[in-house]
Amino acid sequence: MLFAISPLAAFLMATATAETPPPGLCETGEQTIIGGTVQDEFGLDVAVCVTDDAKGEGANKAASPRLTIRWSGEGGGDALSCLPTECEGVIEYSRYTSRHLTILQLAWTKDGHVQRLYQTLSRPSLQETAASATSHEWEVAGACGFDIEEYPMQTDATPLALMKLERIIAPKPSNTGLLQGARECGPER
């Protein structure tokens with residue numbers, strides 16, 4: 001399925017400069033798509049990494065790139081990784097695009113917790129400067145959409161950097177919730 005990219009998003013992607021990832025989250029042989037520090041009281045760092053196809057070894061050299069999300073903070077760190085064909089229900093991505101607004105969402109789940117990164121780019125009119133923002137959400141296991149903590153994320157990533165993921169993982173429709181099958185919600189919710 002093909003999705004149209006707004007002229008504003010295409011311009012920003014074409015003129016974007018390289019980002020500076022937080023040290024140590026993406027490993028050698030991985031490209032940092034986005035990395036930064038969540039502005040919360042836990043000092044959480046998050047990075048979205050993709051293996052570099054040309055860095056594979058032997059028979060794996062032609063293998064699909066691997067998508068890895070790493071996070072580290074006060075309570076420790078963890079990582080989640082999958083090949084694009086294996087990401088369904090574990091790591092999912094969506095993009096909403098309209099004339100004046102683009103919203104990118106990357107969601108992942110591990111041990112019942114759901115985390116999300118959002119990147120938005122808005123420009124109400126051509127006379128106004130485009131505004132971009134990145135934020136992180138953490139949903140506690142079993143919360144099922146309740147008690148979600150959302151905080152801004154400080155990053156040097158370019159606006160709409162998550163859109164680079166579309167080279168390896170197809171965006172889901174923006175009108176469907178991500179990771180719907182990963183939640184363990186009771187019928188009362």
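Guide: A disulfide here is a pair of cysteine sulfur atoms within 2.5 Å. Cys-82 and Cys-87 form such a disulfide, with their sulfur atoms 1.9 Å apart. This is a predicted model, where local features need pLDDT of at least 70, side-chain atom pairs count only at pLDDT 80 or more, and totals for chains, interfaces and linings use all residues. Residues are numbered from 1 along each chain as its sequence is written, and side-chain values use heavy atoms, with hydrogens and water left out.

Visitor: How many disulfides does the structure hold?

Guide: Two. In the other, Cys-26 is joined to Cys-49, and their sulfur atoms are 1.9 Å apart.

Visitor: Where do Cys-26 and Cys-49 sit in the chain?

Guide: They link distant parts of the chain, 23 residues apart. Cys-26 is in the loop between helix H1 (7-14) and strand E1 (30-38), and Cys-49 is in strand E2 (residues 45-51). Helices (H or I, at least four residues) and strands (E, at least two) are DSSP runs, numbered from the N terminus.

Visitor: Is the link of Cys-26 and Cys-49 left-handed or right-handed?

Guide: Left-handed, with -90° about the S-S bond. The link of Cys-82 and Cys-87 is right-handed, at 95°.

Visitor: New topic. Is Cys-49 buried or exposed?

Guide: Buried, because its relative accessible area is 0%. Buried means under 20% relative accessible area, exposed over 50%, and partly exposed in between (1.4 Å probe, protein chains only).

Visitor: And why does Cys-26 count as buried?

Guide: Because its relative accessibility is 17%.

Visitor: What about Cys-82 and Cys-87?

Guide: Cys-82 is buried at 3%, and Cys-87 is buried at 1%.
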